[in-house]
Amino acid sequence: MAGVAHTCVIARDNTVMCWGDNQFGQLGDSSFPDSASSTPVATSGFGGRTPVQLAAGRNHTCARMSDGTVWCWGYNGYHELGVGGGTFTDPVQLNLGAVATSISAGGNTSCARTATQLLCWGRNNKGQLGLGTTYTGSGGVVPTVVPAVPGTFDAVSLAGGFEHTCAASAAGEVWCWGEAGRLQLGNTANSTVDQSSPRRTDALGDVATRVVAGDEFSCAHLGNSSVWCWGDNTYGQLGRGSASPSSSSEPTAVAGTGNATVVAAGGKHACAVTSAGAVRCWGRNNVGQVGDGSVVDAHSPQQVSGITGTAVDVAAGGTHSCAVTQQGTVQCWGDNTFGQLGTGDTVNRNAATAVSGLAMIYTTTTVAATVAPTSPTTVPATTVPATTVPAATQPPVTTTTTILVTSTTPTTGPSVNGTSTTTTLPVAQSSAARTGAPANVLTVRIGRTLTAARIAGATGLAIPRGSQGKLRLSITSGSRYCRFAGTSVRGTARGTCTVRALLIPRRGATVVRSVTVKVVR
């Protein structure tokens, strides 16, 4: 995860390693004496807890632990650490009053999602906390519930820009709030008027699975693997092939992102990992942050030079970028004034250069799948290969995995909320599933799997034909016990996980249901 001039990752041994600017304690170790480091420094730790997600603002970082606690460190001038007092050079635990399932940070603001609420804290001069008010003081010390989010809104992705915040909902919509001066909220009706309450963006080309935010622009990663951006376009950061118009509130597709699997937004540039494992970046490139070997602004995606191995994730900071490969290496490019590239020096790079001596954790992430059931017991492999990302930079959702399942062999299925769907159920189902009554618990042995159709049937739903809609399955809790294997859920350890089924029909209302999966020996 990258801030303005520092970078942090979760290493293979579950320590958080940071490098770059340390003026405000961004490296998370009070015993480190210097104001910057060009090589990774271990944070002082989290009381024996295991970090699973990182989020970086301008000069602060937050980490979510496997037990749902949140710890932050660095600059605290606007209380973006969620606690009173000044700068904290060691991680400090927040009091959320609930278990966090995802976190985000941007500018001088931080947010966390729990099972039932969205909370934000920090600076609020532009309404970026979403509280319906603004204030120019030091900020909100206590994490506060965002009250104006619609009751049906279930945030599965959070993103913080410089002075605005965005969230993607389980229904695939994107809502933004805060500063709007460069149209970064994506809402034509509200134009350049700052919004202290969430506003839905204009229409996207498909359901949004993730949202990211730069200084004054935003981008969404859609279910069809495309990337759409809006807001400031001064340096071509909207990826439209031109810096004109200089800003736009209309979300528009970025051509040339190659069926993106991961998207990241930096200060005034953005990057995406393609399904082929390459990284393409666009926007401001004055210090090589696009990584194409030049320092010329890129108005459309350009492939990053020098990456060795298959890229599986990317992070974009203020003026630098870093990618992680399937082999667990970290490779960075761009501004290196404070050593934020981790290369042991302060020389800028316009092509990827490896961070030496660092091994990353990585795990399964988003898979877009088209399933054509052909037997009563198996679901064929997905047509898009599974990819991996480091735990340090997992998408900010409850777990890292979501699959989209559609069928190409239809049979008439049940009516859902008055909408007739065309479905196929390739496996024998329980009587509860056949009658449409949701099953509360499914049981699977460690190492065995439950098919997508079995899970859908347990919620009273079924896999729709592609022309009729989409079914998105997500592991929303207990990811240490379950994970996706293609389009199936495999039990990995004894315990329980929750799988959410989101039916998005072409017509009619979206349906969200969940089922508990119990993993036994």
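User: In this predicted model, is Cys-482 buried or exposed?

Analyst: The relative accessible area of Cys-482 is 1%. A residue counts as buried under 20% relative accessible area, so Cys-482 is buried.

User: Which residue does a disulfide join to Cys-482, and is that disulfide left-handed or right-handed?

Analyst: A disulfide joins Cys-482 to Cys-497, with an S to S distance of 2.1 Å. The torsion about the S-S bond of Cys-482 and Cys-497 is about -85 degrees. Because of that torsion, the disulfide to Cys-497 is left-handed.

User: How many residues apart in sequence are the parts that Cys-482 and Cys-497 tie together?

Analyst: Cys-482 belongs to strand β38 (residues 482-485), while Cys-497 belongs to strand β40 (residues 495-505). The pair therefore ties together parts whose separation in sequence is 15 residues.

User: Why does Cys-497 count as buried?

Analyst: The cut-off for a buried residue is under 20% relative accessible area. Cys-497 counts as buried because its relative accessibility is 1%.

User: What is the handedness of the disulfide between Cys-322 and Cys-332?

Analyst: Cys-322 and Cys-332 form a disulfide with their sulfur atoms 2.0 Å apart. The S-S torsion of Cys-322 and Cys-332 is about 105 degrees, so this disulfide is right-handed.

User: In which strands do Cys-322 and Cys-332 lie?

Analyst: The pair ties together parts that are 10 residues apart in sequence. Cys-322 is found in residues 320-325 and Cys-332 in residues 330-334, so the strands are β25 and β26.

User: What is the torsion about the S-S bond of Cys-271 and Cys-281?

Analyst: Cys-271 and Cys-281 form a disulfide, with sulfur atoms 2.1 Å apart. Cys-271 lies in strand β21 and Cys-281 in strand β22, 10 residues apart. The disulfide is right-handed because the torsion is about 105 degrees.

User: Which strands stand at the edges of the open sheet of three strands?

Analyst: The sheet has the order β1-β2-β3, with antiparallel pairing. An edge strand here has a single partner strand, so one side of it is left without a neighbour in the sheet. The strands in that position are β1 (6-10) and β3 (36-42).

Note on methods: Residues numbered from 1 in each chain as written. Predicted model: local features only at pLDDT ≥ 70, side-chain atom pairs only at ≥ 80, totals over all residues. Heavy atoms only, no water. Disulfide = S-S within 2.5 Å. Helix = DSSP H or I, 4+ residues; strand = E, 2+ residues; numbered from the N terminus. Buried < 20%, exposed > 50% of the residue type's maximum accessible area, 1.4 Å probe, protein only. Pairing = 2+ DSSP bridges.
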